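Me: I am new to this structure and would like to learn how to read it one feature at a time. Could you show me the general idea each time, and then the case at hand?

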Amino acid sequence: MQTPPIIDVQSIDKFFYTPERLQALNRVSCSVAPGEVVVIIGPSGSGKSTFLRCLNRLEYADSGHIIIDGVDILDPKCDINAIRAEVGMVFQSFNLFPHKTVLDNLTMAQMTVRGRSKQEAEAKGMALLEKVGIAEKFAVKPDQLSGGQQQRVAIARSLAMDPKIMLFDEPTSALDPEMVGEVLDVMKNLAREGMTMVVVTHEMGFAREVADRVLFMDKGEILEQGAPEHFFTAPTHERTKEFLGQIL
Amino acid sequence: MATYTGLDRPKSKLYYQFWSIVFILGLCGSMALLYFATKKVEYIWRWNRVPQYFLYEEKVTIRAEMEGKIVSIDPAGAEGKNVRVLVRGDDGEETHELPKESLLLSSGDHVYAGDNIGYYTHWKPGILVEGLWLTLEVSFLAIIFGIVLGLFTGLARISDNPALRWGAITYIELIRGSPLLVQIFLWYFVVGTVINSILAQSGFGQISPLWFGVMALAIFTGAYTAEIVRAGIQSVHRGQMEAARSLGMTYAKAMRKVILPQAFRRILPPLAGQFISLVKDSSLLGVLSIRELTKASREVVSSSLQPFEIWIVCAILYLVLTFTLSMFVQYLERKAI
Ligand SMILES: Nc1ncnc2c1ncn2[C@@H]1O[C@H](COP(=O)(O)OP(=O)(O)O)[C@@H](O)[C@H]1O
Ligand SMILES: [Mg+2]
């Protein structure tokens, strides 16, 4: 018997009405064990972001169940803010708070959500900036940092909440090529330390090296999944082969 | 300096000097033109009559309050410029302090109640200064209420709750769709009459027209401010709200700590424009017999018969107010970076 999954998604659907009905997720099920690193790949518009955003309810799935650490987040009575504090999210466009310094970006939620004192939050913030390698920039505003540095701050901001799960939505897609490495290094370290991670990315090298499992999504469905070596060497599905052929 | 520097051939130094001189000549020229035109219609400029409407020396006569006899006149006050007059009668004593040179009576004189003993003078703010002050007061109150109202209406306008959202839309559309002057009349002659009648029936005091004026201005400004606030909030990238919420912050906390501070800087310039309009629109309150700057000017014009000077001064005073406001907002804008 395995340890119970920390993320358990049971057959969720998600529709958008824009205004024509569009099914972004179609009966998606998936569970993630604690400490597991899951990489999601798939063509643009296949529902990867939507799936990820459903996991911390930035999108509200229309049906099914999403159990995060034992709590069904689609239950209207659940305290979603408490769940979100446990689930870090890193965005493609960083979304740092431009009016705050780097350190304040890291301390704001610690103080308002976790209720930590300023000293405590700043100590934690500085330690994390040290860890992602930009402690010397703690006093500047985000717009004075390069893309890679901003994304590392964004990761540190999420980690400051001591999350149990980290979600990454194409964290390196908005970066200049020479900065991709520094962000991936931070993520690799995190994976090595045993963080549960769900990562949407096109970085196949990262998937090969770090992922415990790779999911391939197409048209709102998880078409195929498996360990990276199986996945990249012997994909079974025709669409998967086609997609891998295009990007590798 | 210019908006699109570098798109055209660089201008020579002479170019700027020439057109600066043209500007200054144009300015002086129009003033001279105005001056000679008024000469033509034989208007006599009397600028020396204007200062008294800013500050004047009021003469207050001092009268005896009872019948009696002046028993003593002693030096009093600083440097002995004043005298203290003691009047003793059948009903007791009274003293008056007044400047020595204004004294009309001497010791031993008999006075009746109401008799003129002397006078003193003091400086008082003139009617224009009082009007300016009232304009300032009314505008300040209306701006404060307008900001609060606008902020909450703006938030209601983007709320998911239909009652809040439609309420905000109805309010904004109603207010923007009718003239401010009509709204002022409605507030005073309809709402004011109703409220004051009810107050009178229940034995309470009346609310002065000033408050209905302030209310009309605040509610008018609130509607425009709400739209400015809404646009400001919506101009902040939605990723900001998502980032804040994904960290576990509540909607209210995310709004207060992340969205509004960013929106604030962007809404400052249109907000400044709105509040400058408000200061100018407060001139309409004269119709409720509130003696703000414009009404005060009108009264001065009818008593002084110097309309040219007074209306120019009136306009300049408004300009001083609005310019100060605009400087203050620019200062805030620089600080909020
Ligand atoms: N907020 C939204 N409103 C309407 N349609 C959306 C929204 N978000 C995503 N979609 C649609 O859902 C589909 C899946 O999008 P997404 O999850 O972003 O794909 P991916 O991240 O795999 O590129 C796309 O067709 C997209 O246009
Ligand atoms: Mg995406």
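Reply: Let us start with the ligand: β2 (21-32) and α1 (48-55) of chain A each supply at least two residues of the shell around ligand 1, where helices (H or I, at least four residues) and strands (E, at least two) are DSSP runs numbered from the N terminus. This is a predicted model, in which local features need pLDDT of at least 70 and side-chain atom pairs count only at pLDDT 80 or more, while totals for chains, interfaces and linings use all residues. Residues are numbered from 1 along each chain as its sequence is written, chains are lettered from A and ligands numbered from 1 in the order in which they are written, and side-chain values use heavy atoms, with hydrogens and water left out.

Me: Which residues are around ligand 1, and which element gives the largest share of the shell?

Reply: A residue is near a molecule if one of its heavy atoms lies within 4 Å of it. Around ligand 1 these are A:Phe16, A:Thr18, A:Leu22 and A:Ala24, together with A:Pro43, A:Ser44, A:Gly45, A:Ser46, A:Gly47, A:Lys48, A:Ser49 and A:Thr50. The largest share, three residues, comes from α1(A).

Me: Which polar atoms lie at what distance from an oxygen atom of ligand 1?

Reply: A polar contact is a pair of N or O atoms within 3.5 Å; within protein, one must be able to donate a hydrogen and the other to accept it, and residues adjacent in sequence count only if both atoms are side-chain atoms. Here a polar backbone atom of A:Gly45 is 2.7 Å from an oxygen atom of ligand 1, and for a polar backbone atom of A:Ser46 the distance to a ligand oxygen is 3.2 Å. A:Thr50 takes part through a polar side-chain atom, 2.5 Å from an oxygen atom of ligand 1. The protein covers 66% of the 550 Å² of accessible area that ligand 1 has on its own, an area that comes from the Shrake-Rupley method with a 1.4 Å probe.

Me: What should I notice in the backbone at A:Pro19 and at A:Arg27?

Reply: A cis peptide bond, with omega about 0 degrees, joins A:Thr18 and A:Pro19, and A:Pro19 lies in the loop between β1 (7-17) and β2 of chain A. A:Arg27, in strand β2 of chain A, has a phi near 45 degrees, a positive value in a residue other than glycine.

Me: Is A:Arg27 buried or exposed, and what about B:His96?

Reply: Buried means under 20% relative accessible area, exposed over 50%, and partly exposed in between (1.4 Å probe, protein chains only). A:Arg27 counts as exposed because its relative accessibility is 57%, whereas B:His96 has 7% and therefore counts as buried. B:His96 lies in strand β4 (residues 92-99) of chain B, and a polar contact of 2.8 Å joins its side chain to that of B:Glu94.
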